[in-house]
Amino acid sequence: MVFTLAFTGLVTAFMMTLLVPLVPSLPEILDVSAEDSQWAVTVTLLAAAVATPIFGRLGDLYGKRRMVLVLLGLVVLGSVIAGFATTLVPLVIGRGLQGAGIGVIPLGISILRDVLHRDRVGAAVALVSATLGIGGAVGLPLAAVISQFLDWHILFVVSGVLAVAGFVLVWRFIPVSTLRAEGQFDAVGAIGLAVALTALLLGISKGNGWGWVSLPTLACLVGGVVVLALWTWYELRSASPLIDIRVATRRTVLLTNAASVTVGFAFFASTVVLPQLLEASTGTGVGLGQSMFVASLCLIPSGLVMWAVSGLAARLIRARGARLSFLLGLAVIAVGYLLAVFLMTEIWHTVLIATVVGLGVGFAYSAMPTLIMGAVPPTETAASNGLNSVMRSLGSTVASAVFGVVLATQTVTVGDVTTPSAWGFQLSFIVSLAAAAVGVLLVMLIPRRHSAYGRASLPDGD
């Protein structure tokens with residue numbers, strides 16, 4: 001069961017970086033503008049953010065295994081549609097369906113709580129939670145090789161086969177969920193949350209291209225905030241809410257989710273800023289002049305260390321509490337970016353930084369679901385873990401916008417070659433360091449003791 005859920009986590013996380021190597025070539029391949037081609041990437045993020053909490057609640061109500069199978073089925077369908085795509089619209093549809101599959105990870109974490117003995121839950125949860133980072137880091141070189149040497153449609157053949165394999169494994173080895181929440185599915189709440197998240201994430205992700213004071217950006221951001229406020233008001237009065245706001249605003253849950261935003265923000269720099277540094281031309285004296293394939297190989301140690309540290313994190317959580325693991329993870333991330341400010345002139349520098357950051361992310365990712373599950377009722381674990389995943393995605397989306405501005409405005413030109421300047425990269429690392437520092441402060445505010453629903457509630461040292 002642990003292998004199956006870890007495998008499906010890796011597969012669905014891989015969907016998030018599947019198309020990254022092709023991004024520079026998409027305008028030519030699809031005969032569209034560079035801005036339009038970005039929808040093939042943006043829609044994956046939007047679909048993941050919207051589907052994850054909704055399918056989490058559906059899992060609590062109607063069975064987590066059933067919803068995992070549905071999501072893997074959507075990934076297969078998306079792979080088929082994208083695999084035959086020759087224009088932008090079917091590719092965007094297929095990528096949206098693939099993005100929805102990321103909801104498998106929080107559902108898998110919740111299944112582990114239901115089916116495993118409490119002595120084994122910690123290590124299993126740590127491993128499955130870490131797949132969100134491992135899948136992207138390890139899958140990126142595979143995507144780069146296929147994009148460089150084979151027809152790009154092969155990417156979706158691979159993703160479809162992996163999703164089918166995951167579907168078969170879940171069908172065979174994961175038992176039917178018996179722990180169900182009471183009540184009905186909140187369709188109005190689901191629509192409201194989908195509209196709010198789509199508007200907010202769209203405004204943030206497209207702000208650089210549309211202009212931060214342009215009408216579309218402001219309409220998305222302001223409209224998203226208004227809808228989110230109305231949605232919160234509605235959820236507080238609903239007899240069977242999509243997300244129980246009262247539970248979500250408990251101090252432990254609220255602070256864990258807030259700190260998760262900072263982890264998502266800081267992790268993004270290692271997966272996007274470092275590759276840009278590696279791939280930037282050496283003509284300006286800043287970049288390292290490597291190919292996308294080499295750059296993706298440099299990120300593999302980050303993913304491997306996340307996997308390797310999951311067992312250690314689980315033991316730390318059992319011995320000293322999830323709060324300490326979260327705190328340690330953010331502190332290590334901060335150290336990684338402090339090193340990055342001064343070490344950015346050699347390939348091994350980037351490998352070291354990515355590995356240190358991956359180490360910290362491994363500890364942090366392992367702690368998040370444990371803290372959440374220890375502070376929410378068992379019947380709300382899938383929805384609550386889904387919301388936590390959205391917070392990580394929100395952090396990455398904000399980071400994308402911030403680093404987009406930083407690296408686009410801080411440039412250096414030598415002859416015909418223009419790249420982000422050394423200060424642009426350093427500023428990105430400083431901002432990431434600041435985000436990790438804010439995360440440390442937030443985690444320190446998480447209470448050592450709180451109303452308990454599980455092992456995660458034990459105080460540090462128990």
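A crossing of two helices is left-handed if the near helix is turned anticlockwise from the far one by less than a right angle, and right-handed if clockwise. Keep that in mind for this tour of a predicted model, in which local features need pLDDT of at least 70, side-chain atom pairs count only at pLDDT 80 or more, and totals for chains, interfaces and linings use all residues. Residues are numbered from 1 along each chain as its sequence is written, and side-chain values use heavy atoms, with hydrogens and water left out.

**Stop 1: H13 and H15**

Select residues 251-279, helix H13, and residues 322-342, helix H15. Helices here are DSSP runs (H or I, at least four residues), numbered from the N terminus. The two pack at an angle of about 30°, with axes 11 Å apart; axes are lines fitted to C-alpha atoms over the stretch in contact, and angles run from 0 to 180 degrees between N-to-C directions. That makes H13 roughly parallel to H15 (under 35 degrees; over 145 is roughly antiparallel, 65 to 115 roughly perpendicular and the rest oblique). H13 passes H15 in a left-handed crossing.

Now show the side chains in contact (heavy atoms within 4.5 Å). Residues of H13 including Val 263 and Phe 267 meet Phe 326, Leu 330, Ile 333 and Tyr 337 of H15. This contact has nine nonpolar, four polar and no charged residues. Ala, Val, Leu, Ile, Met, Phe, Trp, Tyr, Cys and Pro count as nonpolar, Asp, Glu, Lys and Arg as charged, and the others, Gly among them, as polar.

**Stop 2: H17 and H18**

Move on to H18, residues 422-444, which packs against H17 at about 155°, with the axes 8 Å apart. That makes H17 roughly antiparallel to H18. Which hand does the crossing of H17 and H18 have? The crossing is right-handed. Look for Val 402, Phe 403, Val 406 and Leu 407 in H17; their partners in H18 include Phe 425 and Val 431.

**Stop 3: H4 and H5**

Select H4 (residues 39-62) and H5 (residues 64-83), whose axes come within 7 Å and cross at roughly 140°. That makes H4 oblique to H5. Among the residues that meet here are Phe 55 and Asp 60 in H4, and Lys 64 and Arg 66 in H5. By class, the contact of H4 with H5 has seven nonpolar, one polar and three charged residues.
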